[in-house]
Amino acid sequence: MKKNDIFLICGIIFIIACSFLLVFAFRSEGSRVLVVVDKEVYKEFDLNENTTYEIRQENGERNVIEIKDGYVRMTEASCPDKLCVKQGWIRYNYESITCLPNKVYVRISGGEEGELDAVAE
Amino acid sequence: MKPKRIALYGLFIALAFIFSYIESLIPIPFPVPGVKLGLANLVVVVAMYGMGVKEAFVLSIVRILLVGFTFRDPSTMIFSLAGGLLSWLMMAVFKKLKLFSMVGVSIIGGISHNIGQIIVAILYVNNTSIIYYLPFLMVSGLVSGTLIGLLAGLVLKRLQKFFLYEK
């Protein structure tokens, strides 16, 4: 190893630390859940309304999402790796769960209600 | 092409292929897409320093095509190709610049592999929020890149005579 390698490692650790800090510092609670299938918005939900929903595509692929107490997760997926299911719950604005093989993702967004709440506070 | 070179290609491709298979058997405890050990990358780094930049390119592409058609869904090959190509390009550039040792070059390779995959994933589903995975993937690239770089150093030291004879 050269001295430069150590600098490189320190530099990368610094960048990683900064990006984690930024993500945590600027995160805010979301209020809407967007379901996007093949680049098109498929359905929209209220994050505070408990529900489960099944996404069924024409090609036979399916995903099931569950919204509960302000959190969303993917409970079932027909994809082989099931990474989206393993990811667990999300709740903050701009967080998303992506199922790449099925071209499906759910994303939390602020929506108008979120902004109104923020003003009311 | 010299017979020895052909044999080396065969050996390395087989090795990278097996490493990819072994890797698919190891469960990853982190639910972030793209977090991997990158064992096959060990072969690419060894080939890059032992054989040459061009040879590492051929090896990397052949491995991705083979693995894509056998162990994985071919439609996911686009992610491996994006990662593999960017990783190779960055490693080739930084190897030439001679700023870093094999460890540094391997780290750059690991991280750019993840960046390449993320860029394609963002375009594939049109979800820019995937960028939130990047810090996690950078940690993964840093750790695996360091380990692969150190391992490649050990391997090359032991194979030194072999590669010298080849040239």
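The model is a predicted one, so please read every value below as computed from its coordinates.

Let us begin with chain B. Two packed helices are described by the angle between their axes and the distance between the axes. For helix 1 (residues 3–25) and helix 3 (residues 53–70) of chain B, the axes come within 9 Å and cross at roughly 45°. That angle makes helix 1 of chain B oblique to helix 3 of chain B, and the crossing of these two helices is right-handed. From helix 1 of chain B, the contact draws on Arg5(B), Tyr9(B), Phe12(B), Ile13(B), Ala16(B), Phe17(B) and Ser20(B). Helix 3 of chain B answers with Glu55(B), Val58(B), Leu59(B), Val62(B), Arg63(B), Leu66(B), Val67(B) and Thr70(B).

The crossing of helix 4 and helix 5 of chain B is right-handed. Among the residues making this contact are Phe79(B), Gly83(B), Gly84(B), Met90(B) and Phe94(B) of helix 4 of chain B. On the side of helix 5 of chain B, they include Ile108(B), Gly109(B), Ser112(B), Gly116(B), Gln117(B) and Tyr124(B). Here the division is 13 nonpolar, 10 polar and 1 charged.

One of these residues deserves a stop of its own. Gln117(B) sits in helix 5 of chain B. Is Gln117(B) buried or exposed? Its relative accessible area is 11%, so Gln117(B) is buried. Setting aside neighbours within four places in sequence, Gln117(B) is in contact with Phe79(B), Ser80(B) and Gly83(B), and also with Gly34(B) and Lys36(B).

Now over to chain A. Asn102(A) is in the loop between strand 6 (96–99) and strand 7 (104–109) of chain A. Although it belongs to a loop, Asn102(A) is buried, with a relative accessible area of 4%. Which side chain does the side chain of Asn102(A) join in a polar contact? It is that of Ser78(A), at 3.2 Å. Beyond neighbours within four places in sequence, the contacts of Asn102(A) include Gln57(A), Glu61(A), Arg62(A), Asn63(A) and Cys79(A).

Arg62(A) and Asn63(A) turn up again around Ala77(A), whose contacts outside four places in sequence also take in Lys82(A), Cys84(A) and Val85(A). Ala77(A) lies in strand 5 of chain A and counts as buried, at 11% relative accessibility. From Ala77(A) to Thr98(A) is 21 residues in sequence and 11 Å in space, C-alpha to C-alpha.

Most residues other than glycine have a negative phi, and most peptide bonds are trans. Lys82(A), however, has a positive phi of about 55°. Lys82(A) is placed in the loop between strand 5 (71–77) and helix 2 (83–86) of chain A, and it counts as partly exposed at 32% relative accessibility. Tyr94(A) likewise has a positive phi, near 75°. The loop that holds Tyr94(A) runs between helix 2 and strand 6 of chain A, and at 45% relative accessibility Tyr94(A) counts as partly exposed.

Note on methods. Residues numbered from 1 in each chain as written. Chains lettered and ligands numbered in written order. Predicted model: local features only at pLDDT ≥ 70, side-chain atom pairs only at ≥ 80, totals over all residues. Heavy atoms only, no water. Axes fitted to C-alpha atoms, helices over the stretch in contact; angles between N-to-C directions. Helix = DSSP H or I, 4+ residues; strand = E, 2+ residues; numbered from the N terminus. Parallel < 35°, antiparallel > 145°, perpendicular 65-115°, else oblique. Left-handed = near helix turned anticlockwise from the far one by under 90°. Contact = heavy atoms within 4.5 Å. Buried < 20%, exposed > 50% of the residue type's maximum accessible area, 1.4 Å probe, protein only. Polar contact = N/O pair within 3.5 Å; in protein donor to acceptor, adjacent residues only side chain to side chain. Nonpolar A, V, L, I, M, F, W, Y, C, P; charged D, E, K, R; others polar.
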